[in-house]
Amino acid sequence: MRLLLVEDDKMLVEDLVPELRQAGYAVDLATDGQEALFLGETESYDLVVLDLGLPVMNGLEILRKWRAGGIKAPVLILTARDSWREKVDGLKAGADDYLTKPFYSEELLARLQALLRRSHDRVATQLHAEGMLLDEEHQQILLDDGSSLPLTGTEFRLLRYFMMNPGKPLSKTRLTEHVYEQDFDRDSNLIEVYVRRLREKIGNSRIETRRGQGYVFKG
Ligand code: CA
């Protein structure tokens with residue numbers, strides 16, 4: 001899952017980026033409004049965490065422009081404490097959730113998980129496929145026989161994206177966009193390598209290759 005963090009507070013960014021990466025997100029950072037607006041319009045994000053008070057352009061203005069432009073990514077806004085007005089304005093501008101500063105990162109991560117579930121029409125809190133479960137907290141696969149298979153960071157991000165989109169053909173380009181960060185040298189051939197590794201772990205039949213379309217995960 002690819003996440004855009006829009007935040008100009010350096011201290012907060014230093015704490016938050018490693019925690020978000022640890023939690024399995026590919027994280028892009030924007031520290032001013034203009035950069036945020038541009039990234040949101042040009043890249044495909046699964047989630048956005050948006051601070052409202054930003055240099056150049058404030059978060060509400062950015063959010064209104066994104067929504068007017070048809071950008072649907074779920075957005076969680078970070079608001080100042082005791083500012084009920086900011087929350088109302090943010091939700092009206094198209095935010096999906098909000099969190100008041102200061103906050104615990106556990107709460108942010110739990111809210112982001114909930115937003116992802118909702119944006120993929122999921123009710124279950126865990127990602128299942130036949131005979132297996134993705135343990136998102138520990139980034140491993142749990143099999144029905146009780147055994148577990150560890151995943152590397154990239155394997156985890158890729159498998160999570162597959163399991164969130166079962167039955168849909170996913171092109172290598174799309175997978176690359178949702179699994180890697182912006183600065184990463186995005187060679188879509190790498191996806192083939194990681195698909196091969198996942199197949200070795202979970203079995204060839206779970207990920208089907210469709211000529212000209214990409215891959216389909218069998219839920
Ligand atoms: Ca700020």
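This is a predicted model: local features need pLDDT of at least 70, side-chain atom pairs count only at pLDDT 80 or more; totals for chains, interfaces and linings use all residues.
View A. Look for T176 in helix α7, which covers residues 172-179. Leaving out residues up to four places away in sequence, T176 touches R186, S188 and I191.

**View B. The largest nonpolar core.** This core has 45 residues, and those with the most contacts inside it include L3, Y25, L112 and F162. Helix α6, residues 153-164, gives the most to this core, with seven residues. At least three residues come from each of domain 1 (2-119) and domain 2 (127-217). A second, separate core has 21 residues, among them A30, A36, V75 and I77.

**View C. Tyrosine Y25 and its surroundings.** Setting aside neighbours within four places in sequence, Y25 is in contact with several residues, including M1, L47, L109, R157 and E181.

View D. The whole structure holds two aromatic pairs. The ring centres of F162 and Y215 are 6.5 Å apart and their planes meet at 85°, so this pair is edge-to-face. Because F162 lies in helix α6 and Y215 in strand β11 (residues 214-217), the pair ties together parts that are 53 residues apart in sequence. F162 and F217 are stacked instead, at 6.2 Å centre to centre with 25° between the planes. F217 also lies in strand β11, so its pair with F162 in helix α6 ties together parts 55 residues apart in sequence. Together, F162, Y215 and F217 form one aromatic cluster.

Terms used
Residues are numbered from 1 along each chain as its sequence is written. Side-chain values use heavy atoms; hydrogens and water are left out. A nonpolar core is a set of buried Ala, Val, Leu, Ile, Met, Phe, Trp, Tyr and Cys residues joined through side-chain atoms within 4.5 Å. Buried means under 20% relative accessible area, exposed over 50%, partly exposed in between (1.4 Å probe, protein chains only). Helices (H or I, at least four residues) and strands (E, at least two) are DSSP runs, numbered from the N terminus. Domain bounds come from an automatic or database domain assignment. Contact means heavy atoms within 4.5 Å. Rings of Phe, Tyr and Trp (its six-membered ring) pair if their centres lie within 6.5 Å; planes under 30 degrees apart count as stacked, over 60 as edge-to-face and the rest as tilted.
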